[in-house]
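Here is a walk through one protein chain, written for someone who would rather look at side chains than at tables. Keep the viewer open as you read.

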Amino acid sequence: MKNNVDLLKNRSSNNRQHCIEFLEAFEAHDIDAMLDRCTHDATVQFIPLGKSFAGNVHSLGRIFWSAFLESFSNLKIIFHHTNWVEEDADRITMLITLHALHTYTFAGIKSEGRELNCKHLVIFQLNENSKITNIEVSWNHREMKAQLTDRH
């Protein structure tokens with residue numbers, strides 16, 4: 001029989017893979033696959049955009065990610081770092097870079113056909129069944145706007 005440390009390591013590994021699959025589904029423009037990895041009452045916060053951009057993953061998250069995917073083409077996600085602590089197997093932190101071509105207006109930023117190359121910190125909270133219960137997404141919004149416009 002496995003001891004508690006082995007069970008936590010296995011759970012951490014499963015949760016980490018689950019989060020990677022969530023982001024791979026995002027890259028593939030498969031929002032339904034993203035949401036399938038979340039609980040019905042899962043929440044999301046897009047930190048730089050304020051309290052108005054916090055809510056349910058299945059409503060606000062779907063709307064936000066759909067708008068992003070419609071506004072940016074050729075999305076590629078580069079994974080830089082994943083962190084989890086065995087004692088907290090249900091919290092996974094990932095540092096990623098989103099690379100894409102800005103093709104339509106997004107979050108009030110009109111498209112000038114520029115490339116986005118923006119680091120994001122994504123923190124996932126998962127339950128005992130490896131379902132995502134909360135996602136916090138943070139990035140430097142000022143830097144993002146500077147990349148996409150002439151206004152630096």
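## Ground rules

This is a predicted model, so to speak of a local feature takes pLDDT of at least 70 and a side-chain atom pair counts only at pLDDT 80 or more, while totals for chains, interfaces and linings use all residues. Residues are numbered from 1 along each chain as its sequence is written, and side-chain values use heavy atoms, with hydrogens and water left out.

## The fold at a glance

The chain has 4 helices and 6 strands. Both are DSSP runs numbered from the N terminus: helices are H or I with at least four residues, strands are E with at least two. Starting at the N terminus, the order is α-α-β-β-α-β-β-β-β-α.

Of the 152 residues, 41% count as buried. Buried means under 20% relative accessible area, exposed means over 50%, and partly exposed is in between, using a 1.4 Å probe and protein chains only. Contact here means heavy atoms within 4.5 Å. Among contacts with a separation of 6 or more, 58% come from residues 24 or more positions apart.

## The nonpolar core

In soluble globular proteins, nonpolar side chains tend to be buried together. In this model, the largest nonpolar core has 42 residues. Such a core is a set of buried Ala, Val, Leu, Ile, Met, Phe, Trp, Tyr and Cys residues joined through side-chain atoms within 4.5 Å. Phe22, Phe26, Phe46, Trp65, Phe68, Phe124 and Ile135 have the most contacts inside it.

Take Phe124 as a way in. Setting aside residues up to four places away in sequence, Phe124 touches Cys19, Phe22, Leu23, Asp90, Arg91, Ile92, Met94, Ile132, Asn134 and Ile135.

## Rings against rings

How many aromatic pairs are there? The count is 10, where rings of Phe, Tyr and Trp (its six-membered ring) pair if their centres lie within 6.5 Å; planes under 30 degrees apart are stacked, over 60 edge-to-face, and the rest tilted. Phe22 and Phe124 make an edge-to-face pair, 5.5 Å centre to centre with 75° between the planes. That pair links distant parts of the chain, with Phe22 in helix α1 (residues 4-27) and Phe124 in strand β5 (residues 115-126), 102 residues apart. Phe22 and Phe124 are both buried.

Phe68 and Phe106 also pair edge-to-face, at 5.3 Å centre to centre and 90° between the planes. Here Phe68 sits in helix α3 (residues 57-71) and Phe106 in the loop between β4 and β5, 38 residues apart. Phe68 and Phe106 are buried too. Ring pairs tie Phe22, Phe26, Phe46, Phe53, Phe64, Trp65, Phe68, Phe72, Phe106 and Phe124 into a cluster.

## A hole inside

A search of the whole structure turns up 1 cavity of 30 Å³ or more. On a 1 Å grid over the protein atoms alone, a cavity is a set of points where a 1.4 Å probe fits but cannot get out, and lining residues have an atom within 4 Å of a point. The largest cavity has a volume of about 180 Å³, volume being the space filled by probe spheres set on the points, which are joined across faces, edges and corners.

The lining of the largest cavity has 16 residues, with Phe26, Trp65, Leu98, His120 and Val137 nearest its centre. At least two lining residues come from each of α1, α3, β4, β5 and β6 (132-139). What is the lining made of? It has 15 nonpolar residues, 1 polar and no charged; Ala, Val, Leu, Ile, Met, Phe, Trp, Tyr, Cys and Pro count as nonpolar, Asp, Glu, Lys and Arg as charged, and the others, Gly among them, as polar.

Leu75 is in strand β3 (residues 72-85) and is buried at 3% relative accessibility. Leu75 and Glu27 are 48 residues apart in sequence, yet 5.8 Å apart C-alpha to C-alpha. His102, in strand β4 (residues 88-102), counts as buried because its relative accessible area is 1%.

His29 lies in the loop between α1 and α2 (31-36) and is partly exposed at 39%. Ala107 is in the loop between β4 and β5, partly exposed at 47%.

Terms used: On a 1 Å grid over the protein atoms alone, a cavity is a set of points where a 1.4 Å probe fits but cannot get out, and a pocket is an open set with protein on both sides within 12 Å along at least five of seven lines; lining residues have an atom within 4 Å of a point.
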